[in-house]
Every structure is written in C-alpha cells, then in structure tokens.
Amino acid sequence: MPIIFITGHGDIPMSVQAMKAGAVEFLTKPFGDDVLLSAIRNAIERQPGHTGSRGGDTGAPDCYASLTPRERQVMALVASGLLNKQVGGELNISEITVKAHRVR
C-alpha cells in the first residue's frame with residue numbers, strides 16, 4: 001500500500017528515513033489541496049496492478065468466485081464489521097481459522 005508521509009516538523013534525515021521505509025511522498029505542512037491530490041494520484045499510479053481505469057477490471061469478481069463457501073461466509077461477516085473473534089463465534093470456528101480464511 002502506498003504511503004504518503006505528512007508532517008509539520010520534517011527535516012532531511014526524517015524524509016530520507018521515510019522514503020527508505022517505503023513512503024512514496026513526503027509532504028511538509030502547510031501544503032495546498034492540489035499538492036495532496038497530486039501525491040495521491042501518483043501513489044495510486046505506482047501501485048502494482050493499477051490499470052489507470054475504473055471500468056473493465058474483473059479482478060474482484062474473479063477473486064470472489066475463487067473463494068470457498070466458508071471463505072465467503074467469513075468475508076460477509078468481516079465486511080459487516082465483526083471482529084475475527086466474533087466471526088469465529090458466529091461460525092463456530094477458531095479465531096486462527098478465521099484469520100486463515102481472511103488471507104484468501
């Protein structure tokens with residue numbers, strides 16, 4: 001996931017450390033809306049697998065179709081806002097098993 005580092009008290013060593021840690025942008029306050037939006041656009045474009053368009057991407061439906069019925073149950077409960085422990089209780093499985101299903 002791209003990281004945009006924003007600080008009000010940045011210096012050169014801090015910016016170097018942030019970039020070495022994987023930040024795609026280092027912004028110091030104050031900055032304009034256009035600077036932040038540009039940084040976000042650049043970060044999204046740098047993401048692996050980014051196609052540049054919103055239409056025609058069939059990745060999510062294909063991924064969903066490849067899930068087992070149990071993984072779909074876990075996904076639905078997690079998407080509804082339940083914690084791993086609560087999902088496990090609902091489905092009568094361990095929290096570790098829930099985590100394993102979430103990986104997919």
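Predicted model: local features only at pLDDT ≥ 70, side-chain atom pairs only at ≥ 80, totals over all residues.
Figure 1. The cut-off for a buried residue is under 20% relative accessible area. T7 belongs to strand β1. A polar atom of the T7 side chain lies 3.1 Å from the backbone nitrogen of H9.

**Figure 2. The overall fold.** Six helices and two strands make up the secondary structure of the protein. Along the sequence these elements come in the pattern β-α-β-α-α-α-α-α. The protein has 104 residues, and buried residues account for 20% of them. The close-up views that follow show individual sites.

**Figure 3. The aromatic pair of F5 and F26.** The structure contains one aromatic pair. The ring centres of F5 and F26 are 5.0 Å apart and the ring planes meet at 5°, so the pair counts as stacked. F5 is in strand β1 (residues 3-7) and F26 is in strand β2 (residues 23-28), so the pair ties together parts that are 21 residues apart in sequence.

Figure 4. F5, a residue of strand β1, has its C-alpha atom 6.1 Å from that of L27. Along the chain, F5 and L27 are 22 residues apart. F26, a residue of strand β2, has its C-alpha atom 9.0 Å from that of A39. Along the chain, F26 and A39 are 13 residues apart.

**Figure 5. The cis peptide bond between K29 and P30.** Most peptide bonds are trans. The bond that joins K29 and P30 is cis, with omega at about -10°. P30 is located in the loop between β2 and α2.

**Figure 6. A nonpolar surface patch.** Which residues make the nonpolar patch of about 230 Å²? L37, I40 and I44 make this surface patch. One of these residues, I44, is placed in helix α2 (residues 33-46). I44 has a relative accessible area of 39% and is therefore partly exposed, because that class lies between the buried limit of under 20% and the exposed limit of over 50%.

**Figure 7. R72 and the ring of Y64.** The charged end of R72 sits over the aromatic ring of Y64. The distance from the charged end of R72 to the centre of the Y64 ring is 4.8 Å.

**Figure 8. The side-chain contact of N84 and R102.** N84 is in helix α5. The relative accessible area of N84 is 16%, so N84 is buried. The side chains of N84 and R102 are joined by a polar contact of 2.6 Å.

**Figure 9. The backbone at N92.** Most residues other than glycine have a negative phi. N92 is not a glycine, yet has a positive phi, near 60°. N92 lies in the loop that runs between α5 (84-91) and α6. Is N92 buried or exposed? N92 is exposed, because its relative accessibility is 72% and the limit for that class is over 50%.

**Figure 10. K99 and V74.** K99 is located in helix α6 (residues 95-103). With 44% relative accessibility, K99 is partly exposed. What is the C-alpha to C-alpha distance between K99 and V74? K99 and V74 are 9.2 Å apart in space, and 25 residues apart in sequence.

Note on methods:
Residues numbered from 1 in each chain as written. Heavy atoms only, no water. Helix = DSSP H or I, 4+ residues; strand = E, 2+ residues; numbered from the N terminus. Buried < 20%, exposed > 50% of the residue type's maximum accessible area, 1.4 Å probe, protein only. Phe/Tyr/Trp six-rings, centres within 6.5 Å; stacked < 30°, edge-to-face > 60°. Lys NZ or Arg CZ within 6 Å of the ring centre and 35° of its normal. Patch = residues over 30% accessible without salt bridge, like charges linked within 9 Å, V, L, I, M, F, W, Y side chains within 5 Å. Areas by Shrake-Rupley, 256 points an atom, 1.4 Å probe, with all protein chains shown as cover. Salt bridge = Lys/Arg side-chain N within 4 Å of Asp/Glu carboxyl O. Polar contact = N/O pair within 3.5 Å; in protein donor to acceptor, adjacent residues only side chain to side chain.
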